[in-house]
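Here are my notes on this one, as numbered points. Have the model open while you read, and look up each residue as it comes.

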Amino acid sequence: MKAEIVVIGGGASGLMAAYHAAATLANEGVCAQVTVLEKMPRPARKLMITGKGRCNFTNVKDWNDFSGHIRSKVPFIKSAFYNLTPEKLVDFFDSFGMKSVIERGDRAFPTSYHASDVVDTLVLACNSVGVKIVTGIEVLEVRREQGGFALDLSDSSCCHCKALILATGGLSYPTTGSSGDGYRFASSLGHHITPTFPSLTALVPALYKEISKPDGLHIDRSEALSPLGESLKGVQLKNVRLSLEIEGTVADSEFGDLDFTDGGMEGPLGFQLSRKAVKSMINGSRCCLELDLKPGVDLTELTERVKALWKEVDTDPRSRRLREKEKCRILLGKLMPWDLIPGFNLMNPDIITVERRGRRDTKVWINLPTIAKRLKAWRFPLAGFVGYERCVVTAGGVDTDEIIAKTMASRLVEGLYFCGELMDFDADTGGYNLQGAFCTGALAGRNSALFLSQNSQG
């Protein structure tokens, strides 16, 4: 097999790189083959499950707002962003027949809300400029040779190319083909790899899981839920505040929506805080999440509100025959979603005090100030996190100091280019990571073609 430009990896960044490489070659009047090598049976498997299958493919914020959601290497991505802005990306898909819709938070989706439309459009674009997409063949080794690169393939053949784009992704969702091959290829070609760790992943509170096989901080999503986990699973909270404490000091705080799942605490808020939490836990720090269910009111005002609601419940004629615990449940139902109450009670037993006055005489007290305090500061010490098996993105990767930001070209190896999750670049959930994949892919593809064109003329 021979191609002038080879892209290893047929995901979001790889397909975009291949399209822009072939389109640029055509514009330059250079006749050359661009080939994508994808080891999975179909391209863009991970893209198919993005956004629960709806595929939030970009975020249309301008650079000033967008850059605030990048968690590492902000200056590095700027050139790629302006080369293919979110608006240009929307127009790109539109030019190939895929319409888009913008939702809350400036998130862009295909109007069909089918991730398959994004994949089909990328493949259509590649086909339109003659890109060859080869699936089901794995690249085993990458070697430099005179005038380019040699790739040893799983079918015992060897592929030769003059320019090589590594777009293999990271380690997240390995069932989609992300097994970290790109790190090995990059390392063998002389590049350094910044230590990787899961980001945008579920954070697991203490006692949330029945951990059968302890594996340090990594708690596999398949581990069974404890009674606490079962009581909270499926609860979705809106407009709450979640803060991350590291060694007792607040390190970050976000407002928005939170989901309790079979993995732990995730959704937009859990994901936003997960990167810093995971990195801190790996470094040996104690981490705790603090949930504020009533961020719009201060503790004094909330305490008075709780007392007033208790008076309503306690004096209601329908409460005459109810026990204190039953009345407390009614009170909590006025302060939080009903399905959150069991978990709240399990983790905050001190909201009820039982005073034994004799063998047959007990008095139950409802601690109203304590309820108010827990509503404002419900604490979840963290035991660990869900790993690469279900994290959205991999943090860390190929050291971007060794990559030219304006071209995505290697500073160490002529003709080598990088794009996407493989690099040490990651961002928040909400379309930011896919925008990063698409725009770095476009830049890598374009400049690999210009490199080939200049060498051909030379």
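1. A word on burial to begin with: a residue is called buried under 20% relative accessible area, exposed over 50%, and partly exposed in between (1.4 Å probe, protein chains only). Leu200 is buried by that rule, with a relative accessible area of 2%. Its phi is near 50 degrees, a positive value in a residue other than glycine. Leu200 sits in the loop between S11 and strand S12 (203-205); helices (H or I, at least four residues) and strands (E, at least two) are DSSP runs, numbered from the N terminus.

2. Some ground rules. This is a predicted model, in which local features need pLDDT of at least 70 and side-chain atom pairs count only at pLDDT 80 or more, while totals for chains, interfaces and linings use all residues. Residues are numbered from 1 along each chain as its sequence is written, and side-chain values use heavy atoms, with hydrogens and water left out.

3. Is Ser156 buried or exposed? Ser156 is exposed, with a relative accessible area of 74%.

4. Three strands form an open sheet in the order S7-S8-S9, with antiparallel pairing; two strands pair if DSSP finds at least two bridges between them. S7 and strand S9 (158-161) are at the edges with a single partner strand each, so one side of each has no neighbour in the sheet. From one strand to the next, the twist averages 20 degrees. Strand S8 (residues 148-153) pairs with S9 over 4 bridges, and Leu151 stands opposite Cys159 in S9.

5. Leu151 turns up again in the core. A nonpolar core here is a set of buried Ala, Val, Leu, Ile, Met, Phe, Trp, Tyr and Cys residues joined through side-chain atoms within 4.5 Å. The largest one has 89 residues, and Phe57, Leu151, Leu164 and Phe438 have the most contacts inside it. Helix H14 (residues 432-457) gives the largest share of this core, 11 residues. A second, separate core has 53 residues, including Leu242, Cys287, Leu335 and Phe385.

6. Which residues does Phe57 touch? Contact means heavy atoms within 4.5 Å. Leaving out residues up to four places away in sequence, the partners of Phe57 include Leu89, Val90, Phe93, Met98, Phe109, Leu434 and Phe438.

7. Helix H7 (residues 181-188) is worth a look too. Asp181, Gly182, Tyr183, Phe185 and Ala186 are buried there. The buried residues of H7 pack against several strands, among them strand S1 (5-8), strand S7 (139-145), strand S10 (163-166) and strand S11 (193-199). Just after H7, Gly190 takes a positive phi of about 105 degrees. Asp181 also belongs to a network of salt bridges with Lys39, Glu141 and Arg184.

8. On salt bridges: the rule asks for a side-chain nitrogen of Lys or Arg within 4 Å of a carboxyl oxygen of Asp or Glu. How many does that give? The count comes to 26 salt bridges. One of them joins the side chains of Lys46 and Glu421 (2.9 Å, N to O). That pair links distant parts of the chain, 375 residues apart: Lys46 is in helix H2 (residues 45-48), Glu421 in the loop between strand S25 (416-418) and H14. Glu421 counts as buried, at 14% relative accessibility.

9. The side chains of Asp350 and Arg374 meet at 2.3 Å, N to O. Asp350 is partly exposed at 35%, and Arg374 is partly exposed at 22%.

10. Arg275 counts as buried, at 14% relative accessibility. Among its contacts beyond four places in sequence are Arg71, Phe197, Ala395 and Asp426.

Notes. Axes are lines fitted to C-alpha atoms, for helices over the stretch in contact, and angles run from 0 to 180 degrees between N-to-C directions.
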